[in-house]
Amino acid sequence: MLCDLHPVIYLNHAASAWPKAPGVVETVRASLDSPPFHPGRSIGHGSDVAQRCRTLLASTLRVADPARIALLPSATIALNVAILGVGLGRGSRVVTTVTEHNSVLRPLRHLKERSSVEVAFVGLDDEGLIDLRAFDHELALGADLVVVNHVSNVTGRPNYPAILFRRAKRAGAVTLLDASQSIGHIDVYPEDMDADLVAFATHKGLRGPEGIAGLYVSPRMELDQIIVGGTGVRSDLEFHPADMPSRLEVGTPNVPATAGLVAALEWREEHGPEFAENAARLAEALHRELSAIPGLRIFADEAGPNGVISILIDGWDVEEAGFVLAESFGIVCRTGLHCAPLIHRALGTAPRGTIRLSVSGSNTRDEIVATAQAVRSLADCVSPTSEQLKIA
Ligand SMILES: Cc1ncc(COP(=O)(O)O)c(C=O)c1O
């Protein structure tokens, strides 16, 4: 529920960017308004929007062959396709971190239950970074797959995949990066960081529509197919086509979302750096203003590259604080565990989680000031009881 008296201040960009990049809405609408030409499936060409999308993504990732990028409906599905497609079974071992999202934790849990795959979690060191000694120790015990989240969706802190993956490759593991919170914000160059696989959302930092995401698979490897079916090409084959990207793409493609993502990527080619600079300036400004408020705990020394700042306000339950921020100030943020339960155990914020504010270049300086004032006014008073909230 949002306050009618205040305009919305949207600070939930780490969940999904809003507004979308200029041109996205119009392009999605134009696509839906046109006869649905599905590449490879319809008579007519539909200008193969998927190919254009893969080409732009290949340039974003600085990889040579766009065909190595599969377009999938979400980062969650991309991570499942990657994790379940590596071919792990009894006796296999996965090394991952406590910073992972449930879209990594749950497929790993699934593999553990169904296939007795061993899964080791590396924790944080005193500085809140992945504990390198513990990581090396786990690698020494054996690793077939190493999965690392590039930037935490809870604290905004980056991990250092180039360092972790170099060690993982030496140990003979396949490396998978979850770039859902980093792409569009910082460089994600698989070849420079020894990443065999990179799964990424495109509706957050890239500001595209929901309903599409990507999975990059290095030419050094092929994934087993875990979902098979219609592809619109080679319908004569009994088996699903083996070539990328058809190998991993099934079903009617989401052409409107693909077209919308193309619009977002084209806009970013021209305006990306300026937008990112503004985002960093605003996120730092909010971090600075929040740091000056007594009674606030902030979970990183600076705002994350994804604009994330997680806080706790003394005397306030996170859900109640989120409710009051929305109801009384029009601020849309996110409260709770943010689908990443293990990092909260490491931070001591389980089971209630944190209040997550996530800033973007589409926010304004006035919104940042208003948000800091709203948080200060909560910190200055004591949380109302649940009964009072219900009456309000
Ligand atoms: C780190 C991380 N990984 C994966 C995902 C899953 O993305 P989606 O919900 O778009 O599938 C998210 C989304 O919040 C995320 O933050």
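An oxygen atom of the ligand lies 2.6 Å from an N or O atom in the side chain of T76. This is a predicted model, in which local features need pLDDT of at least 70 and side-chain atom pairs count only at pLDDT 80 or more, while totals for chains, interfaces and linings use all residues. Residues are numbered from 1 along each chain as its sequence is written, and side-chain values use heavy atoms, with hydrogens and water left out.

**Ligand site**

- The ligand is surrounded by 13 residues, and the closest are T76, D178, Q181, H203 and K204; a residue counts as near if one of its heavy atoms lies within 4 Å.
- Oxygen atoms of the ligand also lie 2.7 Å from a polar side-chain atom of Q181 and 2.8 Å from a polar side-chain atom of H203.
- On its own the ligand has 390 Å² of accessible area, of which the protein covers 87% (Shrake-Rupley method with a 1.4 Å probe; for residues, only the protein chains shown count as cover).
- Helix α3 (residues 75-85) supplies the largest share of the shell around the ligand, 3 residues; helices (H or I, at least four residues) and strands (E, at least two) are DSSP runs numbered from the N terminus.

- In β7, 5 of the 5 residues are buried, so the strand is largely enclosed by the rest of the structure; buried means under 20% relative accessible area, exposed over 50%, and partly exposed in between (1.4 Å probe, protein chains only).
- In a regular strand, side chains alternate between the two faces of the sheet.
- L197, A199 and A201 point one way from β7, whereas V198 and F200 point the other way.
- β7 pairs with strand β6 (residues 174-178) in the parallel sense over 3 bridges, and L177 stands opposite V198; pairing requires that DSSP find at least two bridges between the strands.
- β7 and strand β8 (residues 213-217) run antiparallel and are joined by 5 bridges, with L215 as the bridge partner of A199.

**Nonpolar cores**

- The largest nonpolar core has 39 residues, of which L57, L61, I69, V146, V198 and F200 touch the most other members; such a core is a set of buried Ala, Val, Leu, Ile, Met, Phe, Trp, Tyr and Cys residues joined through side-chain atoms within 4.5 Å.
- At least two residues of this core come from each of α2 (49-61), β2 (69-72), α5 (132-140), β5, α6, β7 (197-201) and α7 (255-291), and α2 gives the most, with 7 residues.
- Apart from this core lies another of 29 residues, among them I9, A321, L325 and C333.
- Beyond its neighbours within four places in sequence, I69 is in contact (heavy atoms within 4.5 Å) with residues including L57, L61, F200 and L215.

- N159 lies in the loop between β5 (145-149) and α6 (161-170) and is buried, with a relative accessible area of 6%.
- The side chain of N159 makes a polar contact with the side chain of T99 (3.1 Å); this term denotes a pair of N or O atoms within 3.5 Å, where within protein one must be able to donate a hydrogen and the other to accept it, and residues adjacent in sequence count only if both atoms are side-chain atoms.
- A polar atom of the N159 side chain also lies 2.6 Å from the backbone oxygen of N149.
- L139, found in helix α5, is buried with a relative accessible area of 9%.
- Not counting residues up to four places away in sequence, L139 touches V146, R167, A168 and A171.
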